[in-house]
Amino acid sequence: MHGYQLKKRLAETLGGFWQVSYGSLYPALKRLQREEAVEMIFPREQLGRRKNVYRITEKGEALFAELLERAGQEASEDSAFSVRFAFFQYLKPETRIRLLERRRAFLETRWTHLKESVQRLKEGIDSYTLSLMNHELSTTETDIRWLEELIQAEQRQVQVEPVRPRPRRSARLAQRERA
């Protein structure tokens, strides 16, 4: 694709998660070209004004897979996870499960810390801050449930039985609250 087509495709794929500007796209394409991750090709039908058309190379496909797999390592970066998640279809189901489990573990830790903060600070903060913290707790819990559903769907797809069934989210939360 040429740059305009690539920007358009990325906008369709990523929607509101990430906006790609020409100011970042073209330098990235040049860098990827230097790294031999993409190459320029020239369509035969364009004899007059030539557009730079890029094609991913084998090296580029390997780099793409490596970047996607980092999604679990960067679990704390919400936007980075979301962008990479948009491309999960290119990963093996086992890899998707592993990355989703990492993200879930990160969010469970976030939830625990938020819950502790709310309990500790509840009396000393204003109602707006408390409301915001409770909203973040609720959002994090919703994200954890969503990830659990995705993991279960992936496990059914590859017919992998979990080593040990995880307790339901509500049971884990109740257990942590008692601790």
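**Exercise 1. Which residue forms a salt bridge with Glu-136, and which helices does the pair tie together?**

Glu-136 pairs up with Arg-110 in a salt bridge, with 3.6 Å between the closest N and O atoms. Keep in mind that we're working with a predicted model here.

Now place the partners. Glu-136 sits in helix α6 and Arg-110 in helix α5, so the bridge links parts that are 26 residues apart in sequence. As for cover, Glu-136 is partly exposed, at 29% relative accessibility.

**Exercise 2. Take the salt bridge between Glu-154 and Arg-96: are its two residues buried or exposed?**

Start with the distance: the closest N and O atoms of Glu-154 and Arg-96 are 2.9 Å apart. Glu-154 belongs to helix α6 and Arg-96 to helix α5 (residues 93-121), so this pair ties together parts that lie 58 residues apart in sequence.

Next, check each side against the cut-off, since buried means under 20% relative accessible area. Glu-154 comes out at 12%, so it is buried. Arg-96 comes out at 9%, so it is buried as well.

**Exercise 3. How many residues apart are Arg-145 and Glu-141 in helix α6, and what does that spacing amount to in helical turns?**

First, the contact: Arg-145 and Glu-141 form a salt bridge, their closest N and O atoms 3.8 Å apart. The two are 4 residues apart in helix α6, which means about one helical turn between them.

Then the surface: Arg-145 has a relative accessible area of 38% and is partly exposed. Glu-141, at 21%, is partly exposed too.

**Exercise 4. How far apart in space are Ser-138 and Trp-111, C-alpha to C-alpha?**

Ser-138 is in helix α6, which covers residues 127-158. Between Ser-138 and Trp-111 there are 8.8 Å from C-alpha to C-alpha, with a sequence separation of 27 residues. Ser-138 itself is partly exposed, at 42% relative accessibility.

**Exercise 5. Which element gives the most to the lining of the largest pocket?**

Begin with the pocket itself: its volume is about 1300 Å³. It has 32 lining residues, and Leu-6, Leu-10, Leu-32, Phe-64 and Phe-87 lie nearest its centre.

Now go through the elements. At least two lining residues each come from α1 (3-14), α2, β2 (53-56), α3 (58-69) and α4 (78-85). The top contributor is α2, with 6 residues.

**Exercise 6. How many helices and strands does the chain have, and in what order do its elements run?**

Count first: there are 7 helices and 2 strands. Reading from the N terminus, the order is α-α-β-β-α-α-α-α-α.

Then step back to the whole chain. It has 179 residues, 30% of which count as buried. Its accessible surface is about 12300 Å², and carbon and sulfur atoms account for 51% of that. To finish, take the contacts between residues at least 6 apart in sequence: 54% of them join residues at least 24 apart.

Methods
Residues are numbered from 1 along each chain as its sequence is written. This is a predicted model: local features need pLDDT of at least 70, side-chain atom pairs count only at pLDDT 80 or more; totals for chains, interfaces and linings use all residues. Side-chain values use heavy atoms; hydrogens and water are left out. Buried means under 20% relative accessible area, exposed over 50%, partly exposed in between (1.4 Å probe, protein chains only). Contact means heavy atoms within 4.5 Å. Accessible areas come from the Shrake-Rupley method with a 1.4 Å probe; for residues, only the protein chains shown count as cover. On a 1 Å grid over the protein atoms alone, a cavity is a set of points where a 1.4 Å probe fits but cannot get out, and a pocket is an open set with protein on both sides within 12 Å along at least five of seven lines; lining residues have an atom within 4 Å of a point. Grid points are joined across faces, edges and corners, and a volume is the space filled by probe spheres set on the points. A salt bridge is a side-chain nitrogen of Lys or Arg within 4 Å of a carboxyl oxygen of Asp or Glu.
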